[in-house]
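Here's a quick briefing to read alongside the model. It takes the annotated domain, then some strand pairing, then a helix pair.

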Amino acid sequence: MSSSNITANWSYPTSVKLGRGRIKELADACKSLGMKKPLLVTDRGLAAMAITKNALDILEDAGLGRAIFAEVDPNPNEKNLEAGVKAFKDGGHDGVVAFGGGSGLDLGKCVAFMVGQSRPVWDFEDIGDWWTRASVEGIAPIVAVPTTAGTGSEVGRASVITNSETHVKKIIFHPKFLPGVVISDPELTVGMPKIITAGTGMDAFAHCLEAYSSPFYHPMSAGIALEGMRLVKEFLPRAYREGTDLEGRANMMSAAAMGAVAFQKGLGAIHALSHPIGAVYNTHHGMTNAVVMPAVLRFNRAAIEEKISRAAAYLGISGGFDGFYDYVLKLRSDLGVPETLTAMGIAPDRIDELSAMAIEDPSAGGNPVAMTLENTKALFRDCF
């Protein structure tokens, strides 16, 4: 099999159809889940693009209608969600095609879930067994079509929804968020601008790195995270340099999905810092992860040094933890990542508030070093 034509069918963690041109299987995927009138949910930026129009053409040509909802903010909130649920109900739809990067995928999944609920979305936050409050009967089926290679939301069982009043990002969880079919067509990602290729790729890397470093016991996730990091190391620079490199693009789609599967093992301080920054300053999530990554590696060093040395060996990086750390710095600089939060245009005047939000973030619990208000403030200062 020639390496530039990567194709695969996986049923782990759900049915994934990976390969160039496979968007043409979209209508069949919808029909396989019993959809007759799907609603395509995406973000405003993608709404007018050729790849989106093509997806709508495919649905229409197959007799599945042509309906799109694109009132989705870069950090989707409960107002977008309400409008999406209304569009779904008003249009008499019976399924969702979640189409896009993290925003379109997260909101699409949440719309499909919330059309079956009578309680507010915040009642299903990822806390304890809150998900068991949901009524499962009315949840609509989901086909997910990623157009970036970063969040891995296409294989995730949660959505991140920002509360528009408090600006806090909440993780909404239910097993039924997992799409029934995923179509990962690398041709849909070739139009990503370099900065988005870099930011989403670093998001995938952060997911793998944090899942691997998390102290919880989940060897399957740890193995997936390790190979995910290797794919990023090999293929992100290629996808960044040459956007039409379909082998690079396909492997980055795999790495993104792997990161999201792996982080069932836990995330950590990279995400605990980046969620409040994104919620308060509306920064790109993956790029923010990349900016804070070196400071978090330094913060966690004592707890992860041995683990990271093993990862470095697998990745072909010499010098143990220090070699890995230097590799991360070089990767960031090659991808044009800002060196600090200051370079990202953020002032250090709200560290107290951000730190308070960070230690409350669900990701904080998976950090190898326990996060307290004091050490988190110091960690934030170290990012400026």
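An unreviewed UniProt entry annotates residues 13-186 as "domain: Alcohol dehydrogenase iron-type/glycerol dehydrogenase GldA". In this predicted model, the span is 28% helix and 21% strand, and its end C-alpha atoms sit 19 Å apart.

**Strands**
- Strand β1 (residues 7-10) pairs with strand β2 (residues 15-19) in the antiparallel sense, with 4 bridges between them.
- Getting from β1 to β2 takes a hairpin of 4 residues.

**Helices α6 and α7**
- Two packed helices are described by the angle between their axes and the distance between the axes.
- For helix α6 (residues 194-213) and helix α7 (residues 219-241), the axes come within 8 Å and cross at roughly 165 degrees.
- Angles over 145 degrees count as roughly antiparallel, so α6 is roughly antiparallel to α7.
- The crossing of α6 past α7 is left-handed.
- On the α6 side, the contact residues include Ala198, Gly201, Met202, Phe205, Cys208, Leu209 and Tyr212.
- α7 meets them with residues including Ala225, Leu226, Gly228, Met229, Val232, Leu236 and Tyr240.
- What is the make-up of the contact of α6 with α7? Its residues divide into 16 nonpolar, 3 polar and 2 charged.
- Lys194 in α6 and Arg241 in α7 are among the residues of this contact.

Technical notes: Residues numbered from 1 in each chain as written. Predicted model: local features only at pLDDT ≥ 70, side-chain atom pairs only at ≥ 80, totals over all residues. Heavy atoms only, no water. Axes fitted to C-alpha atoms, helices over the stretch in contact; angles between N-to-C directions. Helix = DSSP H or I, 4+ residues; strand = E, 2+ residues; numbered from the N terminus. Parallel < 35°, antiparallel > 145°, perpendicular 65-115°, else oblique. Left-handed = near helix turned anticlockwise from the far one by under 90°. Contact = heavy atoms within 4.5 Å. Nonpolar A, V, L, I, M, F, W, Y, C, P; charged D, E, K, R; others polar. UniProt positions renumbered as here; feature names shortened; annotations may be inferred. Pairing = 2+ DSSP bridges.
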